[in-house]
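Subject: Structure handover

Hello,

Here is the structure I said I would pass on. Please open it beside this message and follow along; my notes are below.

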Amino acid sequence: MTKQLTSNIKITAKTAMKKKSIVLNNVVPIWMHCVIAFGIRLVFITYANYHDKYFKVPYTDVDYKVYTDAARYIIKKGSPYDRHTYRYTPLLALLMAPNVHIHPDFGKVFFSIVDILVAKLMKKILIFQNFKQQTANLCALLWLYNPLAIVISTRGNADSLAVYLVLWTLYLLQNDQYIMAGIVHGLSIHFRLYPLAFSLAMYLYLREDNIFIPNVKQLKLVISCILTLFDLTALFYVFYGHKFLNESLIYHLIRKDVRHNFSVFFYMLYLSANEEPSIVQKIFTFLPQVAILVALAFRYSTKEKLPFAMFTQAITMVTFNPVMTSQYFFWFLSLLPICLPYFKMSITRTILLLAAWILSQSLWLFAAYLLEFKGLDSFDYIWGAGIVFFAVNIKVLVDLIDCYKA
């Protein structure tokens with residue numbers, strides 16, 4: 001009798017603790033976190049107006065003004081490419097039209113809303129991967145309160161929309177909506193070229209017995225993607241002609257940015273700015289990147305591993321790209337939350353990798369500061385810091401692959 005009573009007490013206690021845990025985990029539901037996160041972004045957007053007015057270095061991204069000016073040209077029945085340095089799809093300028101008609105901060109609010117929708121998509125993708133609701137919520141929260149995500153969207157950078165399209169494509173693929181996935185993937189490539197690198201992994205994800213003969217699923221994905229790209233390109237070519245092709249597509253393929261940036265290839269491009277790049281230089285710049293992207297696509301393009309394939313490919317693209325800026329980090333950091341539950345890494349190792357990544361960035365930023373604000377000839381130091389940052393990125397990628405357990 002006593003043993004049974006003791007057993008009942010233990011069971012009751014365990015049940016109470018379990019219920020308490022459930023209550024604590026649901027004190028703030030995910031929708032409330034979305035509201036809070038959106039509120040934080042609105043505060044930053046409001047602060048941006050004050051900062052831009054009183055500080056020499058503006059908070060608002062310079063591209064945001066470019067988007068708005070391009071929208072103004074469209075409203076006046078002109079071309080968005082009449083705005084110098086506008087090198088994006090006309091769709092973005094059309095989306096920014098309310099900046100002119102309604103309020104200058106409309107675009108920032110829109111990108112912030114998209115940022116919240118990104119977190120919702122992350123949660124859905126993780127639940128589809130059979131993770132618990134609590135795990136999916138936690139990973140979504142890491143995005144909602146990610147300082148970089150908050151700053152990028154509230155500065156008026158459009159990359160949150162590109163990130164949403166990439167995650168939407170992944171979600172559609174997981175739910176066997178192949179035609180719709182192809183349409184959204186085509187739209188994402190039209191919007192920003194970098195999702196093109198995920199195409200092979202997505203294609204292989206749908207493979208069956210024969211790797212060389214495409215199946216019905218693969219054909220649906222490929223044909224719908226190509227038709228979407230072709231239709232959008234043809235449509236805007238009719239409206240804006242060759243200028244559209246040059247500025248939104250060709251420019252990004254042959255871009256040679258000789259301004260200082262994180263890329264390990266920066267100094268080489270800077271020194272050869274007035275020369276035509278040789279075949280050897282092109283091979284040296286792009287072959288390692290392409291080889292790694294293909295290898296990752298073949299290695300990780302399965303049902304459970306596709307998000308990780310895209311994550312590692314995004315890191316590879318950014319690390320090996322001839323041009324690398326801070327906003328490019330958005331490409332792989334947006335895929336990190338949906339891969340986090342698969343990593344088996346110690347706290348110590350995580351902290352060391354994160355510290356090395358931040359410190360190597362800081363080293364480069366200090367060298368760039370000496371050049372930009374102090375007028376010192378620090379190009380050699382920038383190049384050296386770029387090499388250190390490149391090495392750290394490679395180390396991070398290798399360690400993440402090592403600790404990935406699907």
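I begin with the surface. Leu 200, Ile 211, Phe 212, Ile 213, Phe 286, Val 290, Val 294 and Phe 298 make a nonpolar surface patch of about 750 Å². The largest contribution to the nonpolar patch, four residues, comes from helix H14 (residues 279-300). Ile 213, one of the patch residues, sits in the loop between helix H11 (199-205) and helix H12 (216-254). Its relative accessible area is 54%, so Ile 213 is exposed. Keep in mind that this is a predicted model.

Next, the aromatic rings. The structure has 40 aromatic pairs. In one of them, Phe 236 and Phe 244, the ring centres are 5.9 Å apart and the planes are at 55°, so the pair counts as tilted. Both residues are buried: Phe 236 has 6% relative accessibility, and Phe 244 has a relative accessible area of 3%. A further tilted pair is Phe 311 with Phe 343, with ring centres 6.3 Å apart and planes at 55°. Phe 311 belongs to helix H15 (residues 306-320), while Phe 343 is in the loop between helix H16 (329-333) and helix H17 (347-372), so this pair ties together parts that are 32 residues apart in sequence. Phe 311 is buried at 2%, and Phe 343 is buried at 13%.

Ring pairs also build a cluster, whose members include Tyr 67, Tyr 81, Phe 106, Phe 236, Tyr 240 and Phe 244.

Now a residue in a helix. Ile 116 is found in helix H6 (residues 106-128). Is Ile 116 buried or exposed? With 10% relative accessibility, Ile 116 counts as buried. Apart from neighbours within four places in sequence, Ile 116 is in contact with Cys 34, Ala 37, Phe 38, Arg 41 and Leu 144. Val 35 is 81 residues from Ile 116 along the chain, and their C-alpha atoms are separated by 8.7 Å.

Last, the cysteines. A disulfide is a covalent bond between the sulfur atoms of two cysteines. How many disulfides are there? The count is zero, taking sulfur atoms within 2.5 Å as the rule. For Cys 139, the nearest cysteine sulfur is that of Cys 339, 9.6 Å away. For Cys 403, the nearest cysteine sulfur is also that of Cys 339, at 13 Å. Cys 139 is buried, with a relative accessible area of 5%, and Cys 403 is buried at 2%.

Regards

Conventions
Residues are numbered from 1 along each chain as its sequence is written. This is a predicted model: local features need pLDDT of at least 70, side-chain atom pairs count only at pLDDT 80 or more; totals for chains, interfaces and linings use all residues. Side-chain values use heavy atoms; hydrogens and water are left out. Buried means under 20% relative accessible area, exposed over 50%, partly exposed in between (1.4 Å probe, protein chains only). Helices (H or I, at least four residues) and strands (E, at least two) are DSSP runs, numbered from the N terminus. Contact means heavy atoms within 4.5 Å. Patches are made of residues with over 30% relative accessible area and no salt bridge: like charges are joined within 9 Å, nonpolar side chains (Val, Leu, Ile, Met, Phe, Trp, Tyr) within 5 Å. Accessible areas come from the Shrake-Rupley method with a 1.4 Å probe; for residues, only the protein chains shown count as cover. A salt bridge is a side-chain nitrogen of Lys or Arg within 4 Å of a carboxyl oxygen of Asp or Glu. Rings of Phe, Tyr and Trp (its six-membered ring) pair if their centres lie within 6.5 Å; planes under 30 degrees apart count as stacked, over 60 as edge-to-face and the rest as tilted.
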